[in-house]
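Please keep the sequence and the structure in view while reading.

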Amino acid sequence: MIRVQAGLFDVGAEIARFTAGRTDIGAVASFTGLVRDRHNGETVSAMTLEHYPGMTEAELERIESEARTRWPLDDCLVIHRYGRMLPGEPIVLVLTASAHRAAAFEACAFLMDWLKTKAPFWKLEETPEGERWVEARGSDDEAAARWES
Amino acid sequence: MRVRYFAWLKQRTGCAEEELDLPADVLTVADLIGHLGARHPRFAEAAAGRGVVRCAIDQQHVERDALLAGAREVAFFPPVTGG
């Protein structure tokens, strides 16, 4: 399941809803990405995420379906926000559920690594020097590449 | 065909999107980049850098040798930075 939204989400409530009424799930792994107040030594007062409506959802669905073919997942949830957000706020949540922990952990890491290099989002930071677009990191490409088969 | 630009590429072209009728010899993404570069010199400058300008046809990532035939929407954007 994919959700792309401007509003905040509550990680605890999302996990509770994710497993509500399920007795077959043995493991839930989660990753939450947060807005940091510093980047490359500069203060970040806010961040705006631009995205490509339509492609964002399509790409996240492609990534989710790839995860489901690679691991035996009982369920999967990706929430990604767009718009302006403040330090400390959540940006992204990935939840994976499986019978056992290995699949849940691995699929969660995979979803984040692929999302970071494929989902069409762009971060614009507000700093004391003005606005600046965040540059992609080579380490993200390397992290995604480890899942190439 | 609709061409869309995202993030700082919009500042290079001065627009978020435009409708274009393409000449018959514009067949691939690389051809389209050349065509757009003539209209937007600062876009051409960005597109000359390796890996700086990425492309999607009808909301799927493609490489520069991809064919435009049948495309309704082509988007150009810098490497993604979500998550």
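Helices (H or I, at least four residues) and strands (E, at least two) are DSSP runs, numbered from the N terminus. This is a predicted model, in which local features need pLDDT of at least 70 and side-chain atom pairs count only at pLDDT 80 or more, while totals for chains, interfaces and linings use all residues. Residues are numbered from 1 along each chain as its sequence is written, chains are lettered from A and ligands numbered from 1 in the order in which they are written, and side-chain values use heavy atoms, with hydrogens and water left out.

In chain B, the loop between helix 2 (29-39) and helix 3 (41-48) holds His40(B). This residue is buried, at a relative accessible area of 10%; buried means under 20%, exposed over 50%, and partly exposed in between (1.4 Å probe, protein chains only). Leaving aside residues up to four places away in sequence, His40(B) touches Tyr5(B), Arg12(B), Thr13(B) and Glu18(B), where a contact means heavy atoms within 4.5 Å.

Chain A contains four helices and ten strands. Their order along the sequence is β-α-β-β-β-β-α-β-β-β-α-β-β-α. Of the contacts in chain A between residues at least 6 apart in sequence, 78% join residues at least 24 apart.

| Property of chain A | Value |
|---|---|
| Span of the C-alpha trace along its principal axes | about 50 × 35 × 30 Å |
| Buried share of the 149 residues | 48% |
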